[in-house]
Amino acid sequence: MSASSISLPEFRNEPLTDFSVPAHRSAIEAALAKVHSEFGREYDLLIGGERVKTTEKLRSLNPSRPSEIVGIHQKATPELAARAIESAYTYFAEWSTTSASDRIRKLLAAAHLLREHKFEFDAWLVYEAGKTWPEADADTAEAIDFCEYYAREMLRLAGPQPVVQLPGEKDEMRYLPLGVGVIIPPWNFPLAILAGMTVAALVTGNTAVIKPSSETPTVAAKFAELLLEAGFPDRSFSFLPGSGSAIGDLLVQHPKTRFIAFTGSRDVGLRINELAAKPQAGQRWIKRVIAEMGGKDAIIVDADADLEKAANDVVASAFGYQGQKCSACSRAIVDEHVYDEFLAKVKKKTEALTVGPADDPGSYMGPVISEGARRTILQYIEAGSKEGKPVAGGGAVSGDGYFIKPTVIADVPSSARIFREEIFGPVLAVTKAKDFESALNLANDSEYGLTGAIFSNTPEHIRQARERFFVGNLYVNRKCTGAMVGVHPFGGFNMSGTDSKAGGPDYLLLFLQAKSIAERVA
Ligand code: NAP
């Protein structure tokens, strides 16, 4: 059956769950109880259809209560990683020739299953990633969106593409898959980003080796099981948890790896890019690297901004999911005429935020992901408190979990580390600018260029920001987090990555190569 025989309604974003509705509340409570009862289960590696156990194990913890083990996973060795690549390489010959319609149908089945098990996935995200209910639900909704959106995109890209016809020739261009893709997601969107990169690879006809983050392998294992249930052949992908530092280089450098889809930190992304660029013995292609990396995202608050709205959205962008989004606002750059008033509002709103276990619906913020992350963030807070003036938060919250108070540090100079380095935690630096022009220069004074926002009522300043605020995702008079698939294709400039716009019309092309065919007919 050809792809043209599939007809799909227009793409629509999956609605977010309103947890004030009693039925939704009971549904997530039931899912949390069910998922909790599965804590401590052991999951296998999946390599080319084989379930594999290793002697060394990886344990993922509940960051709200680290004594709880969410899942026990195998730890792939370099030998197993090589086996996964070889197996994906062998099966590519078959998978790449399956019809696009077949792959699209499987992807739609995956979207359907995700929807059916939405609350369970939410619950795994609450427990393993420390996401509050709404944050977890947004992660699951985004995963559904990626499946639905890329299914439609594949429909558009399957078959011959329009080209000019030369008289006397039949001219054609079609897209082919690349080969074996290594998929390396981060822990902060352990479902959406993992799912997005994986299904983009599979629906375009590539085979994949998925190396999940060591912090969130259970969410990944659940998604791998769902892919099998949706009908993706067990040889079309491998599920390969293991330490990035132990198996990452091998996966990237293997001569049969054709591309790497990575989302994570700047340093790991740069390493992957460097290693992938060096051809290995027997390698027959230039590897493609799709890398989405960190951010140091700024919100500019102009002199005539609606300060109430700006303060609300800065606080939401800075502290939603504990500041652990690549799009999180970590710098507020504020015109000096409204600086004091804005800061007072931000302080008050920040101090009103509740911090506690992610499964408790009373918590606005849950824990940060790990003890290591908590330590690093606290070091930044300590150093930042000397670089600027602490006005809210400023330390850990007592309790077992990895909790940190939402922290605001004012009067931060642009030379400060907390102005320049990605902290990836609930820390907001506030900096004074003498006017809009200097605010824009400060915002652009970063090696990153992922998201940014401006609050202003001056059309000329908004126009200037549209032209000169150098970020992949710019928002005007709204928060800088919460990109929606299809609506806000997502990815950044500079050290934020290769600007591969996830959830946009260019994305699947990164997983394809075009072949042009001309046949003389007269
Ligand atoms: P990370 O430390 O760079 O890890 C990302 C992934 O890379 C993990 O699966 C990790 O595995 C793996 N890895 C580690 N070392 C490796 C190596 N030498 N070779 C290959 N893979 C390796 O990042 P993270 O802490 O998970 O995520 C947070 C970062 O992601 C932040 O910088 C954030 O801004 C960025 N991010 C960017 C976007 C975007 O769209 N631009 C979206 C989300 C997050 P292990 O877990 O086993 O170490």
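Author: Two strands count as paired if DSSP finds at least two bridges between them. Strands (E, at least two residues) and helices (H or I, at least four) are DSSP runs, numbered from the N terminus.

Reader: Okay, and what am I looking at overall?

Author: This is a predicted model, where local features need pLDDT of at least 70 and side-chain atom pairs count only at pLDDT 80 or more, while totals for chains, interfaces and linings use all residues. Residues are numbered from 1 along each chain as its sequence is written, and side-chain values use heavy atoms, with hydrogens and water left out.

Reader: Which way do the side chains of S7 point?

Author: In a regular strand, side chains alternate between the two faces of the sheet. Here Val180, Val182 and Ile184 go one way from S7, Gly181 and Ile183 the other, and all are buried. "Buried" means under 20% relative accessible area, exposed is over 50%, and partly exposed is in between (1.4 Å probe, protein chains only). Since 5 of the 5 residues of strand S7 (residues 180-184) are buried, the strand is largely enclosed by the rest of the structure.

Reader: What does alanine 88 touch?

Author: A contact is heavy atoms within 4.5 Å. Not counting residues up to four places away in sequence, alanine 88 touches Val180, Thr207 and Val209. Alanine 88 belongs to helix H2 (residues 78-95), and it's buried at 2% relative accessible area.

Reader: How many residues does the largest nonpolar core have?

Author: A nonpolar core is a set of buried Ala, Val, Leu, Ile, Met, Phe, Trp, Tyr and Cys residues joined through side-chain atoms within 4.5 Å. The largest one here has 77 residues, and Ile104, Leu114, Tyr150, Phe223 and Phe237 have the most contacts inside it. Helix H5 (residues 133-157) gives the most to this core, with 11 residues. Another core, of 32 residues, lies apart from it; Ala373, Val427, Ala439 and Ile454 are among its members.

Reader: What is phenylalanine 237 in contact with?

Author: Setting aside neighbours within four places in sequence, phenylalanine 237 contacts several residues, including Leu46, Gly48, Leu202, Ile210 and Phe232.

Reader: Which strand pairs with S15 in the antiparallel sense?

Author: That's strand S14 (residues 389-392), over 3 bridges, with lysine 389 partnered by alanine 410 in S15. S15 also has 3 bridges to strand S16 (residues 427-433), and these two run parallel; valine 408 stands opposite leucine 428 there. From strand S15 (residues 407-410), Thr407 and Ile409 point one way, Val408 and Ala410 the other, and all are buried.

Reader: Now backbone angles. What is the phi of asparagine 477 near?

Author: Most residues other than glycine have a negative phi. Asparagine 477 has a positive value, near 55 degrees. You'll find asparagine 477 in the loop between strand S19 (473-476) and strand S20 (493-494), partly exposed at 27% relative accessible area.

Reader: And where is aspartate 499 found?

Author: In the loop between S20 and strand S21 (512-520). Aspartate 499 has a positive phi too, about 50 degrees, although it is not a glycine, and at 26% relative accessibility it counts as partly exposed.
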